[in-house]
Amino acid sequence: MVLNMKYEYKQKLDDVLSELEIIRDWINKDRNKFDVKTKYLISYAVVKASGTIETVFKQIIFDFLVFNARQETSKYLEKMILDSSSNPKTGNMSNILQNISSEKRNIFDQKVKESDKKDKLNSLVQLRNDFAHGGNINISIDTIITYYDAGRSILDILDDTINENI
């Protein structure tokens, strides 16, 4: 197991935020808001932001579960968690936590509710799903970054909750 994985996840999240900010700068430069590439960059930003949150959310849970696990158990969890298709909606995170500990789920749900970030993350995931099924994305890059920041906050809550001793 690689030490300091949480730092690696934060770095991954920071790298994507930097990429989103570069896209925002390009879109807001001169007349690029009306450039034909802007639509594609917005769609890319939604997929990149949501996909990164999904990857980190699953990795946080996987790391917690495989700590000190047998190799066979680790392989099983890798297939069931990391290789699964699971949108990073707060409800999916909550359901996985329920399978680990109902106490952790309750704590997570309460912290998410108090954060007021749930709708933003779920909106980002819905945009990705809409785009994946042929829909158009009609929001600004600033909104995508706001949604992404909300997702990062939820990941912090997830990480704190899953690693909290109860």
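Biologist: Is asparagine 68 buried or exposed?

Modeller: The general idea is to express accessibility as a relative area: buried is under 20%, exposed is over 50%, and partly exposed lies in between, with a 1.4 Å probe and protein chains only. With a relative accessible area of 72%, asparagine 68 is therefore exposed. Please note that this is a predicted model, in which local features need pLDDT of at least 70 and side-chain atom pairs count only at pLDDT 80 or more, whereas totals for chains, interfaces and linings use all residues. Residues are numbered from 1 along each chain as its sequence is written, and side-chain values use heavy atoms, with hydrogens and water left out.

Biologist: Where is asparagine 68 placed, and what is its phi?

Modeller: Elements are DSSP runs numbered from the N terminus, a helix (H or I) having at least four residues and a strand (E) at least two. Asparagine 68 sits in the loop between helix 2 and helix 3. Its phi is positive, about 65 degrees, although the residue is not a glycine. A further case is aspartate 116, also not a glycine, with a positive phi of about 60 degrees. Aspartate 116 belongs to the loop between helix 5 and helix 6, and its relative accessible area of 61% is why aspartate 116 is classed as exposed.

Biologist: Which residues touch the most other members of the largest nonpolar core?

Modeller: In soluble globular proteins, nonpolar side chains tend to be buried together. A nonpolar core is a set of buried Ala, Val, Leu, Ile, Met, Phe, Trp, Tyr and Cys residues joined through side-chain atoms within 4.5 Å. Here the largest such core has 39 residues, and those touching the most other members are Met93, Phe108, Ile141, Ile144, Tyr148, Leu155 and Leu158. At least two residues of this core come from each of helix 1 (5-28), helix 2, helix 3, helix 4, helix 5 (102-115), helix 6 (118-132) and helix 7 (141-162). Helix 2 gives the largest share, eleven residues.

Biologist: Which residues does isoleucine 144 touch?

Modeller: A contact means heavy atoms within 4.5 Å. Setting aside residues up to four places away in sequence, isoleucine 144 touches Ile42, Ala45, Val46, Ala49, Leu124 and Ile139.

Biologist: Is threonine 38 buried or exposed?

Modeller: Threonine 38 counts as buried because its relative accessibility is 9%. It is located in helix 2. Apart from neighbours within four places in sequence, threonine 38 has contacts with Trp26, Ile27, Asn32 and Lys33.

Biologist: What does glutamate 54 touch, and what meets its side chain in a salt bridge?

Modeller: Glutamate 54, also in helix 2, has 11% relative accessibility and therefore counts as buried. With residues up to four places away in sequence not counted, glutamate 54 touches Ser84, Ser85, Ser86, Asn87, Pro88 and Arg128. A salt bridge requires a side-chain nitrogen of Lys or Arg within 4 Å of a carboxyl oxygen of Asp or Glu. The side chain of glutamate 54 meets that of lysine 58 in this way, at 3.1 Å from N to O. Because lysine 58 and glutamate 54 are four residues apart in helix 2, about one helical turn separates them. Both lysine 58 and glutamate 54 are buried.

Biologist: How many salt bridges does the count come to?

Modeller: The count comes to twelve salt bridges. One of them joins the side chains of lysine 6 and aspartate 160, at 3.9 Å from N to O. This pair links distant parts of the chain, 154 residues apart, with lysine 6 in helix 1 and aspartate 160 in helix 7. Lysine 6 is partly exposed, with a relative accessible area of 35%, and aspartate 160 is partly exposed at 41%.

Biologist: With which residue does lysine 111 form a salt bridge?

Modeller: The partner of lysine 111 is glutamate 164, and their closest N and O atoms are 3.3 Å apart. Lysine 111 is partly exposed, with a relative accessible area of 27%, as is glutamate 164, with 30%. Salt bridges may also share partners: Lys6, Asp159 and Asp160 are joined into one network in this manner.
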